[in-house]
Amino acid sequence: MNTTSQLDLHPDAESLNAFAEQALAAPEREQVLVHLARCSRCRQVIFLAHQAAADAETSAQVAAARPTTQPGMWFLNWRFAWVPAAALAAALALVVTFHPRHTAPAPEMAKLTPLSESTAPVPQEQAATGAAHNPAPALVKKSIARDVELGAHRGPAENLALEAAPSAASTAESGEIAGSSESSHAVTTLSVESASQPVAAAHYQPEPAAAAVQQDQQQFSGTLSAGSAAPPVSLKSMQAEAYTAHARRQAASAGPRRPQQSAPAASFDMNTQQQLPELTDSLKARKANPPKLPSGLAVVSTAIAQNLVLVIDQTGALFLSGDSGQHWEQVARQWTGRAIEVRAKTGLSSNAAPAGGFELKNEAGSIWASVDGKTWTAQ
Amino acid sequence: MPSQPVEASATAGISAVPEPIHNALVEELWRECSASAYGLERERFREILERVAAAQNFGLAPGAAATRRQQRDFFRGLRLADLVLARACANGHPGAWEHFLATYRQPLTRAAIAITGSETLGRELADQLYAELYGLTTRDGVRRSPLDSYRGRGSLMGWLRTTLAQRHVDHHRRTRRELPLDDPADGYEPPAAIPEPETPSADLLLLGRAIEEALRQLAAEERFLLAAYYLDGRTLLEIAPLLHVHEATVSRKLRRVTSGLRKRIARNLQGLGLSKPAAQEALDADPRDLNLNLKKILQISSLDAFQEKATL
């Protein structure tokens with residue numbers, strides 16, 4: 001018997017697979033096993049096939065062991081991300097909560113910027129200085145462009161106001177970017193304070209934001225009433241009304257108009273406006289040359305009223321000047337604690353005509369009042 | 001490389017008259033397999049069942065008549081769903097091929113990659129088998145598909161894997177035979193001169209004869225164990241699943257086979273005229289002194305019924 005020829009005959013795939021899967025009857029299984037014992041080719045075939053089956057089974061087990069996504073499993077999958085997510089949400093809430101407080105000084109910025117340019121005529125040198133103090137030139141330019149576009153739809157008074165004080169309007173609108181209601185406050189404040197002497201004092205006063213907003217609201221309503229009841233008779237009055245109209249437009253665009261109060265109608269009197277050029281000159285001079293105090297320290301707070309200038313230095317000492325800061329006289333201490341703020345009394349108390357006098361506040365918040373800046377009485 | 005079903009060799013020479021299958025059973029199996037979905041009518045389905053049953057005589061001894069219960073048990077032991085699918089694919093039924101591809105395409109490719117150990121070769125092997133399965137090979141003008149040879153014993157996936165392994169092994173052996181001769185200029189070194197074999201001693205000759213006789217007396221499973229473990233270098237873990245035993249059982253079986261083989265060789269040596277001490281001394285001889293081809297001995301030992309009947 002030629003064994004070589006016999007080795008060329010092998011069980012077929014059906015029999016080998018049935019052997020591996022234990023699907024053969026005992027006699028057939030014995031036959032296949034006998035053949036496998038002597039045939040390396042069929043042993044190799046059956047081992048390879050079984051190895052492939054084992055690999056497939058392992059892959060299936062791995063796939064089955066792989067966690068499947070079930071409804072609600074996302075919660076468990078994200079359980080480790082809850083802590084940073086909660087921290088982020090808390091930080092966001094804090095930012096949202098305190099953001100208005102940080103942006104509250106925007107009205108102050110709106111007040112400060114136009115003061116250097118709103119009082120026409122402005123020398124070129126001073127204009128350059130004002131440009132240097134402009135906090136956001138890009139926004140101002142953009143706002144000016146917007147105003148030019150909107151000019152066709154504005155009344156003549158509004159256009160006049162914008163031409164006279166473009167920086168004021170643009171700055172106010174730049175404030176609108178931070179908050180539309182605040183921008184309207186800023187413009188309203190400008191319209192009033194630019195026509196009154198105590199406004200100059202506010203230029204140097206670090207007022208609390210809340211008080212400024214409240215004051216602006218009062219002046220806003222008063223200005224609206226003035227614009228309708230008392231027609232302006234001078235250029236400044238026209239400018240003031242233009243600013244008021246601009247503020248009205250801003251308020252209208254910002255949302256529902258706030259209820260108008262029945263405030264006193266006469267916000268501007270001619271006496272106050274006649275003092276404006278003089279005050280403006282003083283302010284310009286002060287801005288160009290910061291006051292040099294006898295103590296040599298930096299100024300913390302300044303108030304100007306009735307040709308009197310009061311300043312507080314870093315140590316809380318109060319100095320008085322009657323010649324626009326040429327000469328300084330230290331005021332005797334008549335208050336307790338450390339003085340931190342001095343302000344003109346009129347601009348803070350009401351919208352009426354300035355009654356003169358100053359107010360001084362110490363660290364504890366106590367207020368002292370003085371008419372001439374030398375004699376102080378507790379309030 | 002030719003291959004044939006085991007049952008064909010086992011029943012060769014025996015007049016296998018197919019037992020008629022009860023109509024109720026055919027109807028029951030036909031409905032269970034949803035053979036109609038693949039276009040297999042009842043009569044065609046009956047032919048397939050009869051052919052499978054005739055090849056194995058319902059799993060009974062040749063000549064035995066199968067009762068209705070035995071017929072049912074036999075067909076229940078088959079993968080009839082896979083069988084129907086394979087025959088429908090061999091018949092070229094589009095729905096069957098659609099189901100076949102959706103079910104077996106990816107596993108078959110993975111199996112081919114695992115068998116060849118190479119993704120490129122594996123994909124090539126799988127594609128080649130697909131072409132064969134689809135019946136691109138024609139014989140006498142008739143499309144022939146290897147799926148026709150599937151008879152439902154064992155899973156269709158296992159059959160596909162085994163077919164892939166057969167193709168791969170045959171291809172490997174064929175290409176290995178066709179390796180070109182090494183170029184002498186390419187660093188080829190002629191084999192060292194084979195030393196003249198020394199004339200073995202009489203004891204070694206007796207030992208060789210005793211070993212051959214002992215190996216021939218081993219059972220088929222014992223020879224399979226020895227061949228797989230010592231000749232092929234398979235591990236216990238690889239051998240155990242094929243015998244459906246634990247690998248520890250394989251280890252015990254191997255130990256028992258080797259110890260029994262040693263005793264049998266010693267007994268054969270005594271039967272050849274050596275004394276017991278002389279037989280033990282012969283067993284301690286250096287195996288390298290023996291001129292024995294164990295692989296050849298295992299191959300020719302105890303010619304199995306499958307081969308003998310296949311050559312009839």
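## Helix α3 of chain B

Phe45(B), Leu49(B), Val52(B), Ala53(B) and Gln56(B) are the buried residues of α3(B). Because they cover an arc of only 95 degrees around the axis, they lie on the same side of α3(B). An α-helix has 3.6 residues a turn, so residues three or four places apart point the same way. The face turned away from the buried side of α3(B) carries the exposed residues Glu43(B) and Arg51(B). The model described here is predicted.

Helix α3 of chain B comprises residues 42-56. At 1.5 Å a residue, its 15 residues should span 21 Å, and the end C-alpha atoms are 21 Å apart, which agrees. Just after α3(B), Asn57(B) adopts a positive phi of about 50 degrees.

## Helix α6 of chain B

Helix α6 of chain B, residues 94-116, bends by about 45 degrees at Tyr104(B). A proline, Pro107(B), follows within four residues of the bend. Just after α6(B), Gly117(B) has a positive phi of about 75 degrees.

The buried residues of α6(B) include Ala96(B) and Phe100(B), together with Leu108(B). Also buried in α6(B) is the run Ala111(B), Ala112(B), Ile113(B), Ala114(B), Ile115(B) and Thr116(B).

## Nonpolar cores

The largest nonpolar core contains 86 residues, of which Ile46(A), Leu85(B) and Cys89(B) touch the most other members. Leaving aside neighbours within four places in sequence, Cys89(B) is in contact with Ala96(B), Trp97(B), Phe100(B), Leu133(B) and Leu147(B). Two of these contacts, Ala96(B) and Phe100(B), are among the buried residues of α6(B).

A second, separate core has 18 residues, including Ala303(A), Ala305(A), Phe358(A) and Trp376(A). In soluble globular proteins, nonpolar side chains tend to be buried together.

## Sheets of chain A

One open sheet of chain A has 4 strands in the order β2-β3-β4-β5, with antiparallel pairing. Its edge strands are β2 (299-305) and β5 (329-330), each of which pairs on one side only. β2(A) pairs with strand β3 (residues 308-313) of chain A in the antiparallel sense over 6 bridges. Within this pair, Ile304(A) has Val309(A) in β3(A) as its bridge partner.

Another open sheet of chain A is formed by 4 strands in the order β6-β7-β8-β9, and its pairing is antiparallel. Here the edge strands are β6 (339-344) and β9 (377-378), each pairing on one side only. Strand β7 (residues 358-362) of chain A runs antiparallel to strand β8 (residues 367-370) of chain A, and 4 bridges join them. Ala369(A) in β8(A) is the bridge partner of Glu359(A).

Methods:
Residues numbered from 1 in each chain as written. Chains lettered and ligands numbered in written order. Predicted model: local features only at pLDDT ≥ 70, side-chain atom pairs only at ≥ 80, totals over all residues. Bend = angle between axes of the 7 residues up to and from the residue. Helix = DSSP H or I, 4+ residues; strand = E, 2+ residues; numbered from the N terminus. Buried ≥ 20, exposed ≤ 12 C-beta atoms within 10 Å, placed from the backbone. Pairing = 2+ DSSP bridges. Core = buried A, V, L, I, M, F, W, Y, C linked by C-beta atoms within 7 Å. Contact = placed C-beta atoms within 7 Å. Expected span 1.5 Å × (residues − 1). Arc of directions from axis to C-beta.
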